[in-house]
Amino acid sequence: MPLEIERRFLVTGQGWRAFAGTPQPLRQGYLAASKDGVTVRMRLRADGEAWLTLKAPASGIARHEFEYPLPTTDAEALWDLAPHRLIKTRYFLALSGGEWVVDCFEGDNAPLVLAEVELDTADAPLELPPWCGQEVTSDGRWSNAALAVAPIAAWPEEVRCRYGFGSHQ
C-alpha cells in the first residue's frame with residue numbers, strides 16, 4: 001500500500017521564499033471523514049489538474065494514501081458537494097532531506113503558513129531550516145482535513161493568540 005510519511009511545522013518569517021518554486025493555487029474539498037481518521041478529499045489545481053485522495057491511518061506518523069486523477073468537471077462538481085473546504089497556495093521548495101512544500105492558507109485559515117516534508121521513513125534524519133517553527137505533526141488540529149472543518153478563525157481567541165493568530169498577539 002502506498003504510504004505518506006510527513007512532518008508538519010508552523011512557518012516563521014519569509015526565509016522559505018528563497019527556495020520556493022512557482023505558486024500553485026489549490027482548492028481542497030473534504031467529502032467524507034470518519035472518527036478513525038479516514039478521509040476522502042478532492043484537490044483541484046488552478047490549471048485544472050485534479051485528484052481524488054483517500055487517506056487512512058497506518059502507524060505512527062505514516063498514513064495510507066491513495067490518489068486518483070479526476071476530470072476537471074468532476075472535480076468542480078465534487079467541490080460544490082464538499083461540506084468542508086479550504087483554499088491555499090502551495091510552493092514546492094528546492095531543499096534536500098525530503099520533499100518540502102509550504103502552504104499559505106486563505107480565508108478563515110489566513111494567515112496560516114505551514115511547511116510539510118515527506119520522508120522515506122518516519123525516523124529519517126532531518127535538518128530543519130531556520131524558518132521552521134513549532135512542529136505540529138502530532139496535533140490533529142493542523143491537518144488540512146481538520147482545518148477545513150475547524151479553521152483557525154473559529155478557534156478560541158486564547159488558542160489563536162498562543163500561535164500568533166489572535167488579535168492580542
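The charged end of Arg27 sits over the ring of Trp79, 5.1 Å from the ring centre. Arg141 does likewise with Trp155, lying over its face at 5.4 Å from the ring centre. These are features of a predicted model. Trp155 also belongs to an aromatic cluster, together with Trp142, Tyr163 and Phe165.

**Aromatic pairs**
- The structure holds 7 aromatic pairs.
- One of them joins Trp142 and Trp155: the ring centres are 4.9 Å apart and the planes stand at 80 degrees, so this pair is edge-to-face.
- Trp142 is in the loop between strand 9 (132-135) and helix 2 (144-149), while Trp155 is in the loop between helix 2 and helix 3 (157-162), so the pair ties together parts 13 residues apart in sequence.
- Trp142 also pairs with Phe165; with centres 6.4 Å apart and planes at 45 degrees, that pair is tilted.
- Phe165 lies in the segment after helix 3, so its pair with Trp142 ties together parts that are 23 residues apart in sequence.

**Burial in the cluster**
- Both Trp142 and Trp155 are buried.
- Trp142 has a relative accessible area of 0%.
- Phe165 counts as buried too, at 18% relative accessibility.

**Cysteines**
- The count of disulfides is 0.
- For Cys132, the nearest cysteine sulfur is that of Cys104, 13 Å away; a disulfide needs the sulfur atoms within 2.5 Å, so Cys132 is in none.
- Cys132 is buried at 12% relative accessibility, whereas Cys161 is partly exposed at 24%.

**An exposed loop glycine**
- Gly60 lies in the loop between strand 4 (50-57) and strand 5 (62-70).
- Gly60 is exposed, with a relative accessible area of 80%.
- Gly60 and Thr39 are 21 residues apart in sequence and 17 Å apart in space, C-alpha to C-alpha.

Definitions and conventions:
Residues numbered from 1 in each chain as written. Predicted model: local features only at pLDDT ≥ 70, side-chain atom pairs only at ≥ 80, totals over all residues. Heavy atoms only, no water. Buried < 20%, exposed > 50% of the residue type's maximum accessible area, 1.4 Å probe, protein only. Helix = DSSP H or I, 4+ residues; strand = E, 2+ residues; numbered from the N terminus. Phe/Tyr/Trp six-rings, centres within 6.5 Å; stacked < 30°, edge-to-face > 60°. Lys NZ or Arg CZ within 6 Å of the ring centre and 35° of its normal.
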